[in-house]
Amino acid sequence: MSLKSNPLSEKQKIALNELVKDITAEQIIWLNGFLEGRLAGMNGTGIPLESVASETVVSTAATANLTILFGTETGNADELAKKLAEKASFKNVAVNTVSMYDYDPKKLKDEENVAIIVSTHGEGEPPDMADEFHKFITGKRAPKLENVNFSVLALGDKTYRNFCQTGEEIYNAIKKLGGFPVTPLAKCDVDYEATAEVWMNNLLLNLAPSSTVIEGEVDEIAAIATVAESVEYSKKNPYQASVLEKVKITGRDSDKEVYHLELSLEDSGLSYEPGDSVGIFTQNPPELVEQILQKTGFAPEKMVALGGEETSLLNALTYHYEITVITFDTLQKYYEKTKIKEIKDILDDDKKLDEYLYGSDLLDLLEDFPFDWNVNKLIEILRPLPPRLYSISSSMESVGEEVHITVSLVNYTRKNRKRVGACSSNLADYIYEDDKIPIYIEKNPGFKLPANGAKIIMVGAGTGIAPYRAFMQQRESLGIKGNTWLFFGDRRFQSDFLYQTEWQKLLKKELLEKMDVAFSRDQEEKIYVQHKLKENQKEIFNWIENGAHFYLCGDRKNMANDVTKTFLEIIKTEGGVSEEQAEKYLKNLKKEKRFQTDVY
């Protein structure tokens, strides 16, 4: 068949034109994978799409086997593993998808094709799920893997110095053991979708093709056209949610501003579960944008490159680039362009690096290390402005087509200049009821209620209380009473007891069985949630021994570490075991999904 002229029938041309009229970038990517699968299914026969009718009956003979291993902290690697499995199925690849918790790494030597999707946790450590696999593959007992074809997708965050370190170490280890990389290592920042899509397509192109016999008929063009008819909202195509309500929930005397926002999801088709998050696209603080323009002397209307197009510098700094936070990656690029020795000294010293990055913004960088910048060169070193994630504080079973979030305004002074968070300040100062904000739902399969209504212990500080409000709404909607214990901490009882009346009502109804609170600044000696855990250690251990699930939400660096250390001490003391045995006990709880964290 000649492809010089359009091979489609008139009916197909009309359907195709209708399809692409309002198609989104995400739908194009999906269609690309879909059509690749259909092309593979033709097996070189050249059967035109028009010959294929309503429901397909397909018999397959897989010619490639693919094992997909994933290690995740928040669930992103899990979701990508599912997506890869779906794409592979289109090509009739026999797929086995396994979490690293459930995979015996000794079997790796017997695999044909292996795809590994793994995140990096904290400062370069593997997530708990990937810890054993990582130790094995990088250790002395790892076998030779000459017959294994593999590919690694590493998820990370360029905010951290050891970006994608876990994935990189696994990739290098397997390669050193003789494995053949069918694609190069792919590293993803927080906006991972495009890189992941390219990696998946390249991986599947390098696997053996499938053979498919088409036995039925399907009107493919009509089927594809339905994609355009139903809009799917996502990170690439956010939903414009109306603000139904916005209330400040900290008291007049509080030194913090925390807001409760209720957003409408009406007719969006979006759904979520307790434990999931909302991603919000935001803009940078106008004051900071103006200060940067003044410092550089660049004209706000100056045109700059943006994704193959051009926009004004004012628009770029306001909506498209990260300026309120300096990441390791940005600082490194700043040095590569300027070669300023003082920056190199900071990059080479972990302590200096942590101190500099904590609380610094782009204006600090321009003031601390002056350089004669070209406007486009400066833009090149900046990170795209990522959406901010907020734990959902509602249950759809209770609130219907709404989603609630709890937002604390990031607001502090550094170097005699007021600093605010990009998203929190926008929501606090510029968003009002009936305004619309672009959002999407971020699934978090790693922070979920037990399906059997088992006992739960919930530990959170500040806005870390948010998902527990969702948990309790869900259990109330399902008629599950008791077996719930909440530990909450904040600064002051009078001004910072978030959702106080709601917790009191839940206690009165006996839906919430127990609640312990710690307000650090209500007395001379500071009391935190970990102290309350210690006071109740015997009963906490009994709950855990009787099947309770333990949840931890809040600040990763301080609160989460302190609570985890205290929890290990409780296991050690009440269980009468060594530190090593306590760590093994905790690791087993994590594997059973009975110790779950949502930390930031």
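Tyr-171 counts as buried, at 10% relative accessibility, where buried means under 20% relative accessible area, exposed over 50% and partly exposed in between (1.4 Å probe, protein chains only). Its ring forms an aromatic pair with that of Phe-150; the pair is tilted, with 5.4 Å from centre to centre and 55° between the planes. Rings of Phe, Tyr and Trp (its six-membered ring) pair if their centres lie within 6.5 Å, and planes under 30 degrees apart count as stacked, over 60 as edge-to-face and the rest as tilted. Phe-150 also counts as buried, at 1% relative accessibility. Because Phe-150 belongs to strand 5 (residues 149-155) and Tyr-171 to helix 5 (residues 165-176), the pair ties together parts that are 21 residues apart in sequence.

The model is predicted, so that local features need pLDDT of at least 70 and side-chain atom pairs count only at pLDDT 80 or more, while totals for chains, interfaces and linings use all residues. Residues are numbered from 1 along each chain as its sequence is written, and side-chain values use heavy atoms, with hydrogens and water left out.

The protein has 23 helices and 23 strands; helices (H or I, at least four residues) and strands (E, at least two) are DSSP runs, numbered from the N terminus. Of its 600 residues, 50% count as buried. The protein exposes about 29200 Å², of which carbon and sulfur atoms supply 48%; accessible areas come from the Shrake-Rupley method with a 1.4 Å probe, and for residues only the protein chains shown count as cover. Among contacts (heavy atoms within 4.5 Å) between residues at least 6 apart in sequence, 78% join residues at least 24 apart.

Together with Tyr-468 and Phe-471, Phe-447 and Tyr-551 form one aromatic cluster.

A charge sits over a ring if NZ of Lys or CZ of Arg is within 6 Å of the ring centre and within 35 degrees of the ring normal. Lys-455 lies over the face of Trp-543, at 4.1 Å from the ring centre. The charged end of Lys-246 sits over the ring of Tyr-259, 5.2 Å from its centre.

Side chains of opposite charge can pair when their charged atoms come close. A search of the whole structure finds 38 salt bridges, each being a side-chain nitrogen of Lys or Arg within 4 Å of a carboxyl oxygen of Asp or Glu. In one of them, Arg-417 pairs with Asp-364, the closest N and O atoms being 3.2 Å apart. Arg-417 in strand 17 (residues 417-420) and Asp-364 in helix 13 (residues 362-368) are 53 residues apart, and the pair links distant parts of the chain. Both Arg-417 and Asp-364 are buried. Salt bridges that share partners join Arg-417 and Asp-364 with Asp-361, Asp-368, Arg-414, Lys-415 and Arg-419 into one network.

Within helix 3 (residues 76-90), Lys-82 and Asp-78 lie 4 residues apart, about one turn of the helix. Their salt bridge has its closest N and O atoms 4.0 Å apart. Lys-82 is partly exposed, with a relative accessible area of 45%, whereas Asp-78 is buried, at 13%. The side chains of Lys-344 and Asp-348 also meet in a salt bridge (2.7 Å, N to O); Lys-344 is partly exposed, with a relative accessible area of 31%.

For disulfides, defined as pairs of cysteine sulfur atoms within 2.5 Å, the count comes to 0. Cys-164 is in no disulfide, and the nearest cysteine sulfur, that of Cys-188, is 6.6 Å away. Cys-164 counts as buried at 1% relative accessibility, as does Cys-423 at 2%.
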